[in-house]
Amino acid sequence: MHDPNEFEQLVADAEKALADTKTPDRRSRLATEYLGRNGKLADLIRGIKDVDEADRRKAGIAGNAAKARLEQLFDAAKNESAARPAEPVDVTLPGTSYRLGHYHPVTLVLRELEDIFRGLGFSVVDGPEVEDDWHNFEALNMPVDHPARDMQDTFYLAGSEDRRLLPRTHTSGVQIRAMEGAEPPIRIITPGLVYRNEAEDATHSAVFHQLEGLLVDDRVTFADLKGVIASAMRALLGADAKIRFRPSYFPYTEPSAEIDMSSPRIRGGEWLELGGCGMVHPQVLRNVKWDPAKLRGFAFGLGPDRIAMLKYGIEDIRSFFAPDVRLLEQF
Ligand code: FA5
């Protein structure tokens, strides 16, 4: 430092900078810039030792005066802004927008189906994806050497030979779990993933969803089953959706049927397979210690992936399980 007037210049600079400072935040940064331990004032004060001896005392006095003046200036600015009301908020300015994610199309269909079935009095229950032989097969009237086990190509978990654990091939095992230890009547749906050792193509995936339904009460007929399926599908796909039942075979229902669906807005009204269903087999009721002489029930297993393909016009089921956000972004 060569000139004690530099202190006056520093105060003048600070005054000007303060006048241009609008926010408390910037004012506080400015105070540090001038008054901080490594700030501009401290720099000048450190330089006093280099001033000619004759002027050194004068420089010291100027330094102290500058310090007092700067402190006064910053204090005043602080008090003034504290006394001033906060800047009014312009509520018409655009807000901060958040990028929201998208639901998977199959999730959308599952949620819609859950809502529809809840409206029909069903409750939603969950079951394990790793199932044991009893629930996936045996209690469903498929003993170990029953040929119907070959209707679904099953994966088995390595090392579980004694308990025969498997990634479930269908959601029907949850029917058994829901009835075991419960009292009739029952009215449930159970959505979830299932796994099959299948060759994949545009309508077959090795991992896919099912939505199982089960209703057991004292007077239930096949007409009730048709009514429930038809009203659920009309609610989901429109009042002009048509349902038809084709005779089929499942060991756990008798009689059994395949459900097909057609809508004029989907693939030109072509009939498409939606799921399997039937009246609960008496042996299944016996297996859960319910009395088939007093009870009747129906069950169904729908394919929500196929329903989502129909609803959204998606040609290949494999795109649901491929990690491509371009698909999801459309929903
Ligand atoms: C069953 O799995 C029976 N458990 C359904 C059932 C439940 C019948 C209750 C009677 C009573 P199926 O294997 O047909 O049936 O499968 C049912 C539906 O799942 C099919 O109609 C289809 O919509 C869907 N599905 C079956 N395999 C696949 C697959 N590989 N990829 C996608 N969807 C499939």
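1. The C-alpha centres of domain 1 and domain 2 lie 79 Å apart, and the chain is divided so that domain 1 covers 6-83 and domain 2 covers 105-328, bounds that come from an automatic or database domain assignment. This is a predicted model, in which local features need pLDDT of at least 70, side-chain atom pairs count only at pLDDT 80 or more, and totals for chains, interfaces and linings use all residues. Residues are numbered from 1 along each chain as its sequence is written, and side-chain values use heavy atoms, with hydrogens and water left out.

2. Glu15 lies in helix H1 (residues 5-19), where helices (H or I, at least four residues) and strands (E, at least two) are DSSP runs numbered from the N terminus. Leaving aside neighbours within four places in sequence, Glu15 is in contact (heavy atoms within 4.5 Å) with Arg69 and Leu73.

3. Two peptide bonds deserve a look, since most peptide bonds are trans. The bond from Pro184 to Pro185 is cis, with omega near 0°, and Pro185 lies in the loop between helix H7 (173-179) and strand S4 (186-195). Another cis bond joins Glu254 and Pro255, with omega of about -5°, and Pro255 is placed in strand S7 (residues 253-262).

4. Asn141, although not a glycine, has a positive phi of about 70°, and this residue is found in the loop between helix H6 (133-136) and strand S3 (165-167). Asn141 counts as buried because its relative accessibility is 18%, buried meaning under 20% relative accessible area, exposed over 50% and partly exposed in between (1.4 Å probe, protein chains only).
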